Amino acid sequence: MEKLQTYTENLAILAVRALIEEAELTPKPGLVDIESTGSHHDMSIELMIKSAKSLEPAFREIAKVSYGRVPSQELREEIAAIGRQGEIDMFQATGGVNTHKGAIWALGLLVSSAAMNPGETSLDHIAKKAGKLALFPDRNLPQQITNGKRVKEKYGVNGALGEAQQGFPHIRNICLPVLYDSRSRGIKEDLCRLNTLIALMASLDDTCILHRGGAGSLIATKELASEILILGGVWTQTGWKVLEELSQFLIKCNASPGGSADLLAATLFLDYLYKNNTSYLSEFSKYSLIRK
Ligand SMILES: CC(C)(COP(=O)(O)OP(=O)(O)OC[C@H]1O[C@@H](n2cnc3c(N)ncnc32)[C@H](O)[C@@H]1O)[C@@H](O)C(=O)NCCC(=O)NCCS
Ligand SMILES: Nc1ncnc2c1ncn2[C@@H]1O[C@H](COP(=O)(O)OP(=O)(O)OP(=O)(O)O)[C@@H](O)[C@H]1O
């Protein structure tokens with residue numbers, strides 16, 4: 001019983017920590033970070049941190065109900081109800097600003113999957129099992145039109161739902177390999193994470209960018225991000241110059257890669273599981289690496 005409590009508690013703490021570390025990563029093109037609010041006029045770093053912390057009870061509850069279970073229709077709907085309560089908690093904490101809706105979705109599913117199989121060390125399996133859960137329909141989903149639904153219909157892209165249902169291919173095939181490859185070159189951790197974000201932006205059909213900036217913005221974002229990678233990464237002088245160009249471009253068209261930010265946070269969460277094998281992490285001190 002005590003072990004279960006420690007484990008589910010730790011998963012929730014790590015999910016919040018991933019959100020805070022994503023927000024604090026600086027610089028990030030178009031997104032909220034420590035030095036800039038990017039293309040978001042109603043957000044700040046303080047608001048992002050407050051929002052992240054407000055989500056801990058929802059993640060804890062998701063971990064608790066998922067513990068030792070397998071993906072099923074019943075579990076899917078239980079998680080959806082908790083996720084929606086998490087959204088309410090977020091809006092309450094932020095005074096109505098959508099700081100983390102997409103992140104609740106991705107991290108909620110991954111927390112659930114990690115709790116289903118305590119001790120699972122394959123990040124691939126955790127991401128794929130989260131995808132199996134997302135394949136069950138949520139029959140209680142409110143029938144409201146969202147920004148994501150609008151652009152998915154208009155441009156025929158997958159969006160957050162498709163990414164999850166496919167078992168998070170961007171995390172498995174791009175983020176984790178890029179993050180680990182960058183680290184193996186001895187690059188500073190912040191730059192490894194930033195390069196991972198850029199690799200995501202070069203490939204993801206981010207409905208946040210499509211909704212605010214249209215197809216032209218998404219194409220240009222992907223091109224500039226790809227150029228950074230071709231130039232050798234954000235740590236090269238020429239790569240850094242294009243990164244600055246990308247930031248200016250996103251601000252100019254008021255677009256933001258919110259979906260990529262969510263998947264970076266989800267990658268960091270999986271990375272903590274890998275590094276710490278959290279199943280029995282008992283000495284973890286709450287938010288130990290998080291700035292006050
Ligand atoms: C599937 C969700 C994200 C709704 O998606 P939809 O595209 O309709 O909505 P919306 O535009 O409001 O939000 C999408 C968000 O996803 C992120 N995103 C955008 N593009 C992508 C992408 N290609 N891949 C991943 N995430 C993306 C962005 O942050 C964006 O803001 C989700 O909110 C939902 O269905 N929630 C119900 C609660 C639930 O089932 N929770 C279970 C896990 S907690
Ligand atoms: N550091 C970050 N900065 C900004 N957005 C982030 C960050 N991290 C994650 N996000 C994601 O970006 C999404 C918010 O993007 P955006 O404001 O474009 O969405 P929206 O509310 O659908 O659009 P709009 O604000 O135009 O109505 C959140 O759901 C969140 O999950």
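**The core, the fold and the ligand**

Mentor: The largest nonpolar core has 85 residues, and A15, F59, L107, L110, V111 and F269 touch the most other members. Such a core is a set of buried Ala, Val, Leu, Ile, Met, Phe, Trp, Tyr and Cys residues joined through C-beta atoms within 7 Å. A residue is buried if 20 or more other C-beta atoms lie within 10 Å of its own, exposed if 12 or fewer, and partly exposed in between, with C-beta atoms placed from the backbone. This is a predicted model, in which local features need pLDDT of at least 70 and side-chain atom pairs count only at pLDDT 80 or more, while totals for chains, interfaces and linings use all residues. Residues are numbered from 1 along each chain as its sequence is written, and chains are lettered from A and ligands numbered from 1 in the order in which they are written.

Trainee: Which residues does V111 touch?
Mentor: Leaving out residues up to four places away in sequence, V111 touches L11, A12, A15, F59, I62 and A63. Contact here requires C-beta atoms, placed from the backbone, within 7 Å.

Trainee: How many helices and strands does the protein have?
Mentor: There are 13 helices and 0 strands. Both are DSSP runs numbered from the N terminus: helices are H or I with at least four residues, strands E with at least two.

Trainee: What share of the residues is buried?
Mentor: Buried residues account for 48% of the 292 in the protein.

Trainee: Now the ligand. Which residues come nearest to ligand 1?
Mentor: G83, G102, G108, G148 and G259 come nearest, out of 29 residues around ligand 1. A residue counts as near if its C-beta atom, placed from the backbone, lies within 6 Å.

Trainee: Which helix gives the largest share of that shell?
Mentor: Helix α5 does, with 6 residues. At least two residues each come from α4 (73-94), α5 (101-116), α7, α8, α11 and α13 (258-276).

Trainee: And α7, which of its residues are buried?
Mentor: In α7 (residues 147-155), the buried residues are G148, V151 and K152. They line one face of the helix, because they fall within an arc of 105° seen down its axis, the arc being that of the directions from the helix axis to the C-beta atoms.

Trainee: What do they pack against?
Mentor: The buried residues of α7 pack against α8 (159-165) and α11 (207-230). Just after α7, G156 takes a positive phi of about 65°.

Methods. Contact = placed C-beta atoms within 7 Å.
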